[in-house]
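Work through the following exercises with the chain open in a viewer, and compare each solution with what is displayed.

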Amino acid sequence: MKKSLTLGLEPYLFILPLAALLFGVLGTPIVNLFKFSFGDSNVIQGYTGWNNFENYKYLTTDEFRGTLITTIVWVVFGVLGVVLVGMAVSLALNKPFRGQAIVRGLVIIPWVVPHAFAGVMWTWVLHPQFGILNELLMQLGLIDAPISFLGHDTALAMVIIVRIWQGTPFMIITMTAALSTVSEELLEAAELDGAGAIRRFIHVTLPSIRPVLAISILMITAWTLQIFDSVFVMTNGGPGRSTRIIALDIYNKVFIENDLGGGAAIAVVTLLVVTFIGWVALKKQEQNNA
């Protein structure tokens, strides 16, 4: 009995050092995050005292509601764009062609570009006076005058496009790997039965890659929610508040308004939402696999 108990505990003893390290690295900041959100807190003094949930009252204001709507648009269209473009490119690259390896190498370049550098680069590309995009459109005769791509009406769309440009390579990598596991026999059988390319994708390919696709979408959603630097460099949340996403709201609360508690409250709610989304996605995945 004693030996059986020892054998049962042995695997947990091996992972105990790593679990302790993870708790120290991740657990302590999360505990402090909750602590700061429940009181008057600032960057210099830290937590100074309980304030009766005052920090969370900001989450009910029209100002935060606008940030939330902008963030939802940013996440939904950013993730949708990454998934659709990534899937389309993956399917195209899955077919053998000359120079396939070179193209596969080139498409991952945006992923390795630092977000801040990408923000600077795209700011110049989209510049109304010196940007190459305006120059190209004018040379082609598509526009008569430069367009302010980072103006109030188009800034959000532009930062979403940059997000899609930089996030698509990850989707290409994961989907290319997943597509390589799809049974060629099933695809050939479906083709012999008269199924077209779309039907083969829906009924054969998609069910085979669904687990990888679900995890990829979850990871992309979490990453999109926490992106800060590229949007900060390109627009700093403006013009006005047209691109003020949650990550920028947290930054402004903490470092501009010196309200660490307010920023922590936003971060706590964001963490809970992301955790809930992840839990629902994993439970659904378990049900599909059952």
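**Exercise 1.** What percentage of the 290 residues in the protein chain do buried residues make up?

*Solution.* The model is a predicted one, in which local features need pLDDT of at least 70 and side-chain atom pairs count only at pLDDT 80 or more, whereas totals for chains, interfaces and linings use all residues. Residues are numbered from 1 along each chain as its sequence is written, and side-chain values use heavy atoms, with hydrogens and water left out. Taking buried as under 20% relative accessible area (1.4 Å probe, protein chains only), the buried share is 36% of the 290 residues.

**Exercise 2.** Describe how helix 3 packs against helix 10.

*Solution.* Two packed helices are described by the angle between their axes and the distance between the axes. Helices here are DSSP runs of H or I with at least four residues, numbered from the N terminus, and axes are lines fitted to C-alpha atoms over the stretch in contact, with angles running from 0 to 180 degrees between N-to-C directions. Helix 3 (residues 62-93) and helix 10 (residues 197-226) have axes 10 Å apart, at an angle of about 140°. Helix 3 is therefore oblique to helix 10, since angles under 35 degrees count as roughly parallel, over 145 as roughly antiparallel, 65 to 115 as roughly perpendicular and the rest as oblique. Contact means heavy atoms within 4.5 Å, and the residues that make it include Trp 74 and Val 75 of helix 3 together with Ile 209 and Leu 213 of helix 10.

**Exercise 3.** Characterise the pair formed by helix 6 and helix 8.

*Solution.* The axes of helix 6 (residues 115-125) and helix 8 (residues 155-179) come within 11 Å and cross at roughly 130°, and the two helices are therefore oblique to each other. On the side of helix 6 the contact is made by His 115, Ala 118, Met 121 and Trp 122, and on the side of helix 8 by Val 162, Arg 163, Trp 165 and Gln 166.

**Exercise 4.** Which residues have the most contacts inside the largest nonpolar core?

*Solution.* A nonpolar core is a set of buried Ala, Val, Leu, Ile, Met, Phe, Trp, Tyr and Cys residues joined through side-chain atoms within 4.5 Å. The largest has 37 residues, and those with the most contacts inside it are Trp 74, Leu 126, Met 171, Met 175, Ile 209 and Met 234. Helix 8 gives the largest share of this core, 11 residues. Leaving aside neighbours within four places in sequence, Leu 126 is in contact with residues including Leu 133, Ile 147, Phe 149 and Met 234. A second, separate core of eight residues includes Tyr 56, Phe 64, Ile 246 and Val 268.

How values were computed:
Buried means under 20% relative accessible area, exposed over 50%, partly exposed in between (1.4 Å probe, protein chains only).
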